[in-house]
Amino acid sequence: MRTRLLGILLALMACVLVALGLPLAVSVAAAEQQQTLVDRIDDTARFAELAQNPIGQSGTPTAAEQLLTLDSEIARYYQVYGGRVGVFQLSGQPLTAQPGDWTDPARGISASAFSEALDGRRSANPGQVWPWQSGRLLVVASPVVWDGDVVAVVVTESPTGGLGARILHRWMLLAGGEAAAVLVAVVAAVMLTAWVLRPVQDLDKVTHDIATGRLASRVAPAGGPPELRRLARAFNEMADHVEQVLDQQRAFVADASHQLRNPLAALMLRVEAMGMELPEGSEQELTGVRVEGRRLARVLDDLLGLAVAEHSGPGSEPTDLAGLAADRADGWRPLGRERGVELDCEAPPVPVLGLADPVGFGSALDAVIDNALKFTPAGGRVTIAVTAGAEWIEVAVTDAGPGLTEEEAERIGDRFWRSPRHQNVDGSGLGLSIARTLLAACGGTLTFGPRPDGGGQAGVGGAQAAAGGEATGLTVTLSVPRAR
């Protein structure tokens, strides 16, 4: 958006500068030529005045002397300025001219000016001279009048090289001014764009913060166009409403799960009391009620854990993930031995620091390990591997369970989702969702993939396991940014 707005402003400013610069350049060229033309007209009129007496009083003693004076003035002018000057009879024959070989101005470039002078008026102004025109001459013709009659014509042909150079010099100065104006326009456009888009940038930053879990972020009151100020206020109101709704939702889940635990405990006590009075043969039904009661208690506990995880804000700090993974592996090994599952931890002997909340990351890792031990059959192995990359620290938990089909891989991690193949396994379907929420709070991610040793045959965990064949395994990777 900044690039587009800046481009529009610069394009408009460039159009304004071009619209003003081109007429100004033409005006500068015309003014420079007019000044030169006035000088040439004055020179031509002066020669016409000097030629009046010797031509009008030809044959007198003074006429010859005045004619010599006219010849010397024309020669001197030709030497100094390089322009041709000639006094011609009405027939076009020269009376005196420099250079001496200049004859018959009634033909060539001076023909039009000579013809106008014969009519008793000065020649019209010539066309505009441009710097790129080489070899062009500036022609001025003036009549020599005696007793009201035209008796001769004075013609001057001046080279325009100097005029073109002066015009070009003025244009260069004008171009320098235009360049300075462009720089000023660019600076002004950048400052104007920054001023206009500052509320938008603040809004974008706050939107990113809210999307990454910083729900308390708000757009600070600032200047800018009224529309953007109203948008900022409306966005803050919307963010307040969304945060309030989420807080109410979390509070409801936490309160509901907490308040239901006591009635559930009382209900289970009553079931146990009733079980003592039931006749023989009802033990199977009582066992089913107990199992469902424990499952309901597990769901309530997981709901409370999910509400706490969603309410936790980002509290990342440099954490030794290698040591944390080793500690959690030691804590889960007794349960693994009880189930006949071997639990290994492959972590570097040196600290591996990642940006994470130690408690939240430990809880997420517990949920993943619990899930791996739950689906790994007896005699299998669960491996915890800590890998340090350039930007991320990864803790991968690989099991030897049945894996996932491609369809299941798209649903894993959703709240309350459980594979239809595992409905007989204890769980609420919230463990991996809680782990993902805890990792997201500290800027981490939770990903799923096949076992790295190639056990998977298709999909994420392999279609072979889905068909009831050999276990293929699943790798769940917890990733957090590396600490600098």
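Modeller: A contact, as the word is used here, means heavy atoms within 4.5 Å. Leaving aside neighbours within four places in sequence, Ile55 is in contact with Val87, Leu95, Val144, Val151 and Ala152. Ile55 itself belongs to helix H1 (residues 2-56); helices (H or I, at least four residues) and strands (E, at least two) are DSSP runs, numbered from the N terminus. Ile55 counts as buried because its relative accessibility is 19%, where buried means under 20% relative accessible area, exposed over 50%, and partly exposed in between (1.4 Å probe, protein chains only).

Some remarks on the source are in order. This is a predicted model, in which local features need pLDDT of at least 70 and side-chain atom pairs count only at pLDDT 80 or more, while totals for chains, interfaces and linings use all residues. Residues are numbered from 1 along each chain as its sequence is written, and side-chain values use heavy atoms, with hydrogens and water left out.

Ser110 sits in the loop between strand E2 (94-98) and helix H3 (111-118). With a relative accessibility of 1%, Ser110 is buried. Not counting residues up to four places away in sequence, Ser110 touches Trp102, Pro105, Val139, Val155 and Glu157.

Cys15 is exposed, because its relative accessibility is 52%, whereas Cys345, at 24%, is partly exposed. Taking a disulfide as a pair of cysteine sulfur atoms within 2.5 Å, the count comes to 0.

As for the whole protein, it has 11 helices and 11 strands. Of its 484 residues, 37% are buried. Among contacts with a separation of 6 or more, 69% are between residues 24 or more positions apart.

The largest cavity has a volume of about 40 Å³, and its lining consists of Pro199, Val200, Leu203, Val219, Leu228, Leu231 and Ala232. Helix H4 (161-211) and helix H5 (226-277) are the elements that give two or more residues to this lining. A cavity is a set of points on a 1 Å grid over the protein atoms alone where a 1.4 Å probe fits but cannot get out, and lining residues have an atom within 4 Å of a point; the volume is the space filled by probe spheres set on the points, which are joined across faces, edges and corners.

Technical notes
1 Å grid on protein atoms, 1.4 Å probe; cavity = no way out; pocket = protein on both sides within 12 Å on 5 of 7 lines; lining within 4 Å.
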